[in-house]
Amino acid sequence: MSVDGILRFCNDLSIEPDCYEVLLFCFLCRAKQMYSLTKDEFILGLKTLGNHIDNLLDIRTLLFNYDILSYENEFYNWTYHYGLIDGQRCVTTQNAISLWRLFYSKSIKKPQILDRWLNYLEQDINNEIPKTITCDTWTIFPQFAKFIELNGYEAYDDSEAWPCLFDGFVEYQLEQQQKSQSLTSSMN
């Protein structure tokens, strides 16, 4: 199934092609390539959804009610590899931002720092932000986000084995906090 076929499938299901449920279905299919599903992948996805599919409404209902919680880590890691296009070794920053937004749009484990993280990546501060996101950065992000939520930016140690992109993000967030505190102090 090519892009056109996927778009028709989405139209038949009355869902947007860039919605969480399409990403979920592609995961259930174990799709190896973005914007493409083989016949075997498509059949696997339908089988994974369940044996009681009689029509498109059944597929739509099952997708909107699918309990992914026990597979969420696998789904998260698969999402990175799904985002690789044409043999790339790393996902473009723009694709990574879109995939993070899409993945976490329905997740009960949405990191508190997600919006700040994505805004940071979108800003392209002094062109220091890489144009790609490594698998290491993607994989470790949930652990990094949890660390920041529990300990704050001040506890972050850039000499530890975090991906260097996190160093810049924490530095930027600390600078923003200082600016905010200075502004608050000057107003009082």
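The legends below describe close-up views of one predicted model. Residues are numbered from 1 along each chain as its sequence is written, and side-chain values use heavy atoms, with hydrogens and water left out. Because the model is predicted, local features need pLDDT of at least 70 and side-chain atom pairs count only at pLDDT 80 or more, while totals for chains, interfaces and linings use all residues.

**View 1. The whole chain, for orientation.** The chain has nine helices and two strands; helices (H or I, at least four residues) and strands (E, at least two) are DSSP runs, numbered from the N terminus. The order of elements from the N terminus is α-α-α-α-α-β-α-α-β-α-α. The C-alpha trace spans about 65 × 35 × 25 Å along its principal axes. Of the 188 residues, 40% count as buried, where buried means under 20% relative accessible area, exposed over 50% and partly exposed in between (1.4 Å probe, protein chains only). Among contacts (heavy atoms within 4.5 Å) between residues at least 6 apart in sequence, 64% join residues at least 24 apart.

View 2. The structure holds 33 aromatic pairs. The ring centres of Phe-75 and Trp-78 are 6.2 Å apart and the planes are at 35°, so this pair is tilted. Rings of Phe, Tyr and Trp (its six-membered ring) pair if their centres lie within 6.5 Å, with planes under 30 degrees apart counted as stacked, over 60 as edge-to-face and the rest as tilted. Both residues lie in H5 (residues 72-82), three residues apart, about one turn of the helix. Phe-75 counts as buried at 0% relative accessibility, and Trp-78 counts as buried at 12%.

View 3. Trp-162 and Phe-166 form an edge-to-face pair, 6.2 Å centre to centre and with 65° between the planes. Both Trp-162 and Phe-166 are buried. Elsewhere, the charged end of Arg-30 sits over the ring of Phe-27, 4.1 Å from the ring centre; the criterion is NZ of Lys or CZ of Arg within 6 Å of the ring centre and within 35 degrees of the ring normal.

View 4. Leaving aside residues up to four places away in sequence, Trp-117 touches Trp-100, Thr-137, Phe-141, Leu-165, Phe-166 and Phe-169. Phe-169 lies in helix H9 (residues 164-187) and counts as buried at 0% relative accessibility.

**View 5. Helix H6 and its surroundings.** H6 (residues 93-104) has 12 residues and reaches 16 Å from its first C-alpha to its last, close to the 16 Å expected at 1.5 Å a residue; the expected span is 1.5 Å times one less than the number of residues. Nine of its 12 residues are buried, so H6 is largely enclosed by the rest of the structure. Its buried residues pack against H2, H5, strand S1 (91-92), helix H7 (114-123), strand S2 (132-133) and H8. One of them, Asn-95, has 19% relative accessibility and touches Gly-83 and Ile-85, not counting residues up to four places away in sequence.

**View 6. The bend in helix H8.** The 17 residues of H8 (residues 135-151) should span 24 Å, and the end C-alpha atoms are 24 Å apart, which agrees. H8 bends by about 45° at Phe-141, and Pro-142 follows within four residues. The bend is the angle between axes fitted to the seven residues ending at a residue and the seven starting there. Buried residues of H8 include Trp-138, Phe-141 and Phe-144. Just after H8, Gly-152 takes a positive phi of about 85°.

View 7. Most residues other than glycine have a negative phi. Ser-14, in the loop between helix H1 (3-13) and H2, has phi near 60° and is exposed, with a relative accessible area of 58%. Tyr-35, in the loop between H2 and helix H3 (39-49), has phi near 70° and counts as partly exposed at 48% relative accessibility.
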